Amino acid sequence: MATSNPLANGNLEIALDEQSDQVSLGGDDILVMNEASRNKKDPHDHCCLNPMCDCCCPKQCGPFCPPVCLIMAFICFNFYLCLGLNLLAEASTVSPFEGVTVGMGGGDAGLLLTGAGLGSFLLWCRFCVCTDGPTEGEKRRQQQQDNAQENTADETGGVSSDQVSLTSEAERGPEHDDCCDLCELFLKKVLTCTFLYLILGILCCTISRAAMYPGMFVKLGSETPPNPLTGEEFVFPGKDEVELNGYHVKYSKSCMDGCMELPDTVTKVYPVVMLGGNGGSGWFNVEQARDFIRRKVDDDDDETIGYDVFSFSYRGYEPNEDFPFYLVDEFTVAEDAEKLFRYVRTRDEFFGTRPLLLAHSIGTGPGSYLAMMLDEDEVSCVGLGMPFASGTQVAMELSMYAAPLFFWTIDRWDSERRIKAMDYRIPFLVLSAGHDELIAPHQQEAVFEASGSTDKYFLYYEEGTHMSVGGTINSDGDTYDKWFEHCLRRVGV
C-alpha cells in the first residue's frame, strides 16, 4: 500500500511503498530503509556464517567465538580423518604415514573418509568466518547510507534520519564489497586458526613427550640400585660434553644376580652396551640385559666367561633428572647413547674391543641410530628386542590416528631407515612378539627386512608380549645361540 506524505516545506511528495521499501521522489526511485528494514539481518553482517556457530556469534563476535569454531572444526576434521586412516591401515600392512598399498573395501572407504575430513576443514575455513566487528565493506556501506541521509534531508526540508534512511542506487557500494568482506574475514580466520593451532601443537608436544619419556614427568625407579643387584655408578660425557650418570653390572655363571667384582675364575670379560625402554632408569636397563644373556650363561658350563653390562638413564630420568623435557629430543638421546658406547670402548679394560650392542623397546630408537653410525670394526653385533619402524608410526597406531594434524610433534625415530644404512657385515638380531601390546609385530618385521646384513636372524614368539625378551629367545634357542656365538667371536677380547 502506498501513502503520500505532504511536506510542510516545499511541494515535494514522497510516495512510500511499505511492501517494497521504495519511494518515488521527483521521478527517481530511491531505496528506503525504514526501521523494520534496518533490523533485517544481512548475511554479510553476521560474523559467523556457519549456522552451527550462530549461537555464539549473534551479531558481534564474542571473545570465545574463534576458539569454539576452531574446536568444532577440528573435531569434525579429526573424526573423518581418524576413521579414514584406520580403514587405510586395515587395508594395508603398513602405516599410512609410511606408504600405503590401498586394497579394496576398507582402503577405498578410508580414502573417501580421509577426503571428507579434508573437505570439512576447507568448508569450515570458507563459511565459519569470524570477525571482531564491522568489516571495511560494511563501514563503506554505512558511510554511504549516512551521506545519502544527509543529502535527502537537505532536499526534503529536514526529514529526520530516525524516521527514514535513503540510499540512492547509484551510491550503493560496489558489487565486489561482498567478495572483499569474505577475503578479509577469511584472512582473519586463517590467522586465528594458525595461532590456536600452534597453541594446541605445544600441548600435543608435551603430551607426546610424556608418553615417550614418562620418566621425565614422574619418578620411575629408586635412587639407589635395586637389591640384590649390585654394581657401580660412573660418569661419562654426553652430548655437548654434559656429564651424565651411568651404571654397569657384571655377570657370570656364578653371579647372575649381578656383582661388582667377578669371581677369580673369570678370565675373559665381554663388554655389553644396553639401551633400555622408557619404563625405568639405567638400573632397570641392566636387568633387561640379563634377559638377553641369561640363556647363553645358563647353557654354558664355562665359568671363565663374564659380561660387563653398561647402561645409562636418559636425560630427565633419575639420576639424570636435571634436564627439562623441552630440551630433550630424539637427537639428544641418540648422541648421548653414542657417547656412552664410545666411552666403553675407551675404558682401559676394553680399549680397542668391539662391544655387543643390545636394545629393547624405545631403546631400539637410539640403538638403530648407533647401528647406522658405527663401523663394522667398532661393534661386534646388534640385537634389537621389539623394535619399531618409527616413533611416529607407533604413536599413530596407539592413538588410533586420533591426532594426525600433530604427528610432527612426535620424535620420529626412523629406525627402519637407519637400519638400512647399517654395515652389512655386522650380525643382526630382531626379537618379535605376536602379542606385543605397544609395538605391532609388522613394525618389528619391517625393521628386520630393512637390514642388509648378510648375517641376520629373526626370532618370533607368537605368545610373547612386549616384555617377553627371555621367552622370545627361548622360543628359538638354537637360532639365538648361533647369533650370540658370532657376536662373541667378533668382540676381540
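Start by selecting residues 243-252, strand S7, together with residues 305-312, strand S10: the two pair in the antiparallel sense over seven bridges. Pairing here takes at least two DSSP bridges between the strands, and helices (H or I, at least four residues) and strands (E, at least two) are DSSP runs, numbered from the N terminus. To see one of these bridges, show His 248 and its partner in S10, Phe 310.

A word on what you're looking at: this is a predicted model, in which local features need pLDDT of at least 70 and side-chain atom pairs count only at pLDDT 80 or more, while totals for chains, interfaces and linings use all residues. Residues are numbered from 1 along each chain as its sequence is written, and side-chain values use heavy atoms, with hydrogens and water left out.

Now bring in helix H6, residues 282-299, and you have a right-handed β-α-β unit made of S9, H6 and S10. Right-handed means that, with the strands pointing away from you, the path from the first strand over the helix to the second runs clockwise.

Is S10 enclosed or open? Eight of its eight residues are buried, so S10 is largely enclosed by the rest of the structure. Buried means under 20% relative accessible area, against over 50% for exposed and in between for partly exposed (1.4 Å probe, protein chains only).

Strand S6, residues 232-237, pairs with S7 in the antiparallel sense over six bridges, with Phe 234 bridged to Gly 246. The two strands form a hairpin with five residues between them, and Asp 240 in the turn has a positive phi of about 60°.

Time for the inside. Select Leu 275, Phe 312, Leu 340, Leu 357, Val 382, Trp 413 and Phe 428, which touch the most other members of the largest nonpolar core, a group of 46 residues. Such a core is a set of buried Ala, Val, Leu, Ile, Met, Phe, Trp, Tyr and Cys residues joined through side-chain atoms within 4.5 Å. Helix H7, residues 330-346, gives the most to this core, with seven residues. Zoom in on Leu 357: beyond its neighbours within four places in sequence, its contacts (heavy atoms within 4.5 Å) include Val 273, Leu 275, Phe 341 and Val 382. A second, separate core of 33 residues includes Val 286, Met 386, Tyr 457 and Cys 487.

Now pick helix H11, residues 441-450. Its buried residues are Gln 443, Gln 444, Ala 446, Val 447, Phe 448 and Ala 450, and their cover includes strand S12 (381-385), H9 and helix H10 (415-420). Hop over to H9 itself, residues 391-398, where Gly 391, Thr 392, Gln 393, Val 394 and Met 396 are buried. Just after H9, Met 400 takes a positive phi of about 60°.

Last stop: colour by pLDDT, the predictor's confidence in each residue, from 0 to 100. The mean for the protein is 73, and 62% of residues reach 70 or more. Over residues 1-64 the pLDDT is below 50, and residues 159-177 are also below 50. Where pLDDT is low, the predicted coordinates should not be read in detail.
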